[in-house]
Amino acid sequence: MKDKEMHENHGHHHHDEECGCGHNHDHHDHHHEELPYEEHVMPAGIAQKIYILENLGCANCAAKMEKKINSLPEVEAASITFATKKLAVASDHQENLLPVLQKICASIESGVIVVPEEERSPKKEKEGLFKANKKDILAIGAGAVLFAAGIVTEQAELAATVHAVLFIAAYLILGLEIIGKAFKNLRNGRLFDENFLMSVATIAAFAIGDFAEAVGVMLFYRVGEFFEDAAVERSRSQIMEAVDMRPETVNVFKNGGVKEIPAKDAVKGDTILIRPGDRIPLDGRVLDGESRIDTSPVTGEPVPVRVCPGDEVVSGCVNEQSVLKVEVEKPLSESMVTRILDSVEHAAASKPKIDRFITKFARIYTPVVVGAALLTAVVPSLVTGDWNHWIYTAITFLVISCPCALVLSVPLAFFSGIGAGSRKGILFKGGISIEALKNVKAVVMDKTGTVTKGSFAVRKIVSVRGLTEKQILTMAADCELDSTHPIGSSIVSEAKARKLTLMRAEETEEISGKGIKAKFAEGTVLCGNPALMKLYGVDLSAYDNADYGTEVLLAADGVLEGYIIIADVIKDDAKASVRRMKEQGLSTAMLTGDVGQSAEAAAKEAGIDEVHAQLLPQEKLEKLEDIRRRHGAVMFVGDGINDAPVLAGADVGAAMGSGADAAIEAADIVFMASAVQAIPDSIEIARSTGRIAMQNVVFALFIKLVVMLLGFFGYANMWLAVFADTGVAMLCVLNSVRILWKR
């Protein structure tokens, strides 16, 4: 059934989307399962400060720091994001906190320095691997040489004291720092610390006369720790490089010339120079020059966009062709590059359920394994009398008991997923969003601006007498040349695209709510809706439109010549994207306030399974609940502003748009480019992230369990135990980062 309402400002018969609901939904509750694990939420209204934890290398230590800082009476809440080395503290006593935080962090992991974020430069200068780890590399090298010498002298059957001295010297070079940290941590009441566990294990090996084993294990441990730390740092830097597009300097026009200044010093109103190949440093507006802009670093959209004077440009995009002069509209702190980075870092701070579970599990796991080691050392020895064998077996348990591989691998996997999304213009609001998204069973979409372009285009031209389609279109475009209405503009745009020759009318009269009456040398043309035709007595018996959209009728000298159907067209990637969603095993649906005929046609063209039209916001929510009951967890994709109830009711809410502030606040996920392909892309990233995080957990636990069992039955040595600790951690880190580069 056709909608007979007329547009109040123009004579076109069309169907409007519903108005915005006007609800504020900055903090909405999704249907996520209640999480029984502790999560420190930053309270509103309390001063919050961000610190950088320089030299933080242990994820398990980070969890301990977070717990201890949260126990401080002056702290309301604290959260450490291991992936970004950031500590967020909510407290009304910030001025006195820094020394306390420094003491806590250094006592848990020596070498950690707490630095207020504002005191650190935007991009820290990178050091080479050797320079950054010179002390460790020299110690490992010297220890390895002495260890090799000890092995040679032992094999040559020289005096026992010779190789004993070499082994002890090697052990002191390799292990003195570890033992020092262990005793320091013991004084602070930290018994189950990896330094303490390694110290006990290797000293016990010395006690039972296994000098070479003790030194070899300490050497292997130091090498493993070195490569693990290097892998973690490399992973962090890869992820941050992918999302940190902030410029260090900008070229500003000053006193008739161009001067290079720090990007943070540029202010609104400055004019900056952007050369071909340069990344646009700040949000602004083009003053001079024309060029093509690669927006893919921000939106993920591969097709370059042409810009000319007056057009807005967004920081992070790349100027491809010509020199541009751009007026700064937003400083660095408010520009898109900073907003994207902040969004990624805040997302990393939002810990998924599996991360919080592993952190809690680690607190139980280590004491249990240490207890098992103690029982293994004593009970079988009392029965068999073979103390050396069972103490050695217990030592392997101690080495395996460090939970670093477990605690480290999950946050890095999710951080990699967040980074991979940002590379495609997909901003996840946190690990929780990714975790929820990987479990969705149905995708529900709004119509206008999500599946369709939200702009009118000529869909069909019908001649009812002898004129051609070109003549009908030319006649309509001539009438609409001075129109600013979207319907009229779409007709003129189509005519120009077909390179038709247009002629302005001698006289035009706009009849409110009905259309245009235009006089030409050849005669009078009516261009508008059926009401306009009836007003002037035009016979409509030849008019029979069974299509959907807005009808623009054309009559020449009182005789109907034809009509044009104008409709909102689906996005270019809609069909392929919906097909991908179905390949992912997802059900698809459309919920819209538009009329049924228009919605059904768009859904059919895109391949969407079911459509519900002419819905009010509350009715959308009811339909969403029905879809959830039938299919399972639901993702809703809309504009993030007009669909507050349904966004809030969905398991995952996603906003289409160019990163508008309101959309970013409203949704769990923001698609920077309004491309439908972002939906299956985001689901694929979420599922990959979840798989890799679970792979890491299962792999780490499986290897540790296997080595424990092998050790118990006498088939594993301490070398294998060290691999089950540092080696597994390094492999989990490398596994996590591959999400970032997955195509």
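How many salt bridges does the structure hold? The structure holds 21. A salt bridge here is a side-chain nitrogen of Lys or Arg within 4 Å of a carboxyl oxygen of Asp or Glu.

1. **Ground rules.** This is a predicted model, where local features need pLDDT of at least 70 and side-chain atom pairs count only at pLDDT 80 or more, while totals for chains, interfaces and linings use all residues. Residues are numbered from 1 along each chain as its sequence is written, and side-chain values use heavy atoms, with hydrogens and water left out.

2. **A salt bridge between K264 and D265.** K264 forms a salt bridge with D265. Their closest N and O atoms are 3.7 Å apart. K264 counts as exposed, at 57% relative accessibility. D265 counts as partly exposed, at 42%. For these words, buried means under 20% relative accessible area, exposed means over 50%, and partly exposed lies in between (1.4 Å probe, protein chains only).

3. **A salt bridge between R504 and D482.** The side chains of R504 and D482 meet in a salt bridge, with 3.1 Å from N to O. R504 lies in the loop between α15 (486-497) and β17 (507-511), and D482 lies in the loop between α14 (469-480) and α15, so the pair ties together parts that are 22 residues apart in sequence. Helices (H or I, at least four residues) and strands (E, at least two) are DSSP runs, numbered from the N terminus. D482 is exposed, with a relative accessible area of 52%.

4. **A salt bridge between D609 and K582.** D609 forms a salt bridge with K582, and the closest N and O atoms are 3.1 Å apart. D609 lies in the loop between α18 (596-606) and β23 (610-612), whereas K582 lies in helix α17 (residues 574-583), so the pair ties together parts that are 27 residues apart in sequence. D609 is partly exposed at 46% relative accessibility. K582 is partly exposed too, at 36%. There is also a network: salt bridges that share partners join E610, D626, R629 and R630.

5. **Aromatic pairs.** The count comes to six aromatic pairs. Rings of Phe, Tyr and Trp (its six-membered ring) pair if their centres lie within 6.5 Å; planes under 30 degrees apart count as stacked, over 60 as edge-to-face and the rest as tilted. One of the pairs is Y171 with F206, which is edge-to-face, at 4.9 Å centre to centre and 80 degrees between the planes. This pair links distant parts of the chain, 35 residues apart: Y171 is in helix α5 (residues 160-187) and F206 in helix α6 (residues 194-207). Y171 is buried at 5% relative accessible area. F206 is buried at 17%.

6. **Another ring pair.** The rings of Y543 and Y563 have centres 4.9 Å apart and planes at 85 degrees, so the pair is edge-to-face. Y543 lies in the loop between α16 (530-535) and β20 (550-556), and Y563 lies in strand β21 (residues 559-570), so the pair ties together parts that are 20 residues apart in sequence. Both Y543 and Y563 are buried.

7. **A ring cluster, and a charge over a ring.** Ring pairs link Y171, F206 and F211 into a cluster. Elsewhere, the charged end of K325 sits over the ring of F253, 4.8 Å from its centre. That label requires NZ of Lys or CZ of Arg within 6 Å of the ring centre and within 35 degrees of the ring normal.

8. **Cysteines.** How many disulfides does a search of the whole structure find? The search finds zero. A disulfide is a pair of cysteine sulfur atoms within 2.5 Å. C527 is in no disulfide, and the nearest cysteine sulfur, that of C479, is 4.8 Å away. C527 is buried, with a relative accessible area of 0%.

9. **Positive phi.** Most residues other than glycine have a negative phi. N55 has a positive phi, near 70 degrees. N55 is in the loop between β1 (48-54) and α1 (59-70). K499 also has a positive phi, near 60 degrees. K499 is found in the loop between α15 and β17, and is exposed at 75% relative accessible area.
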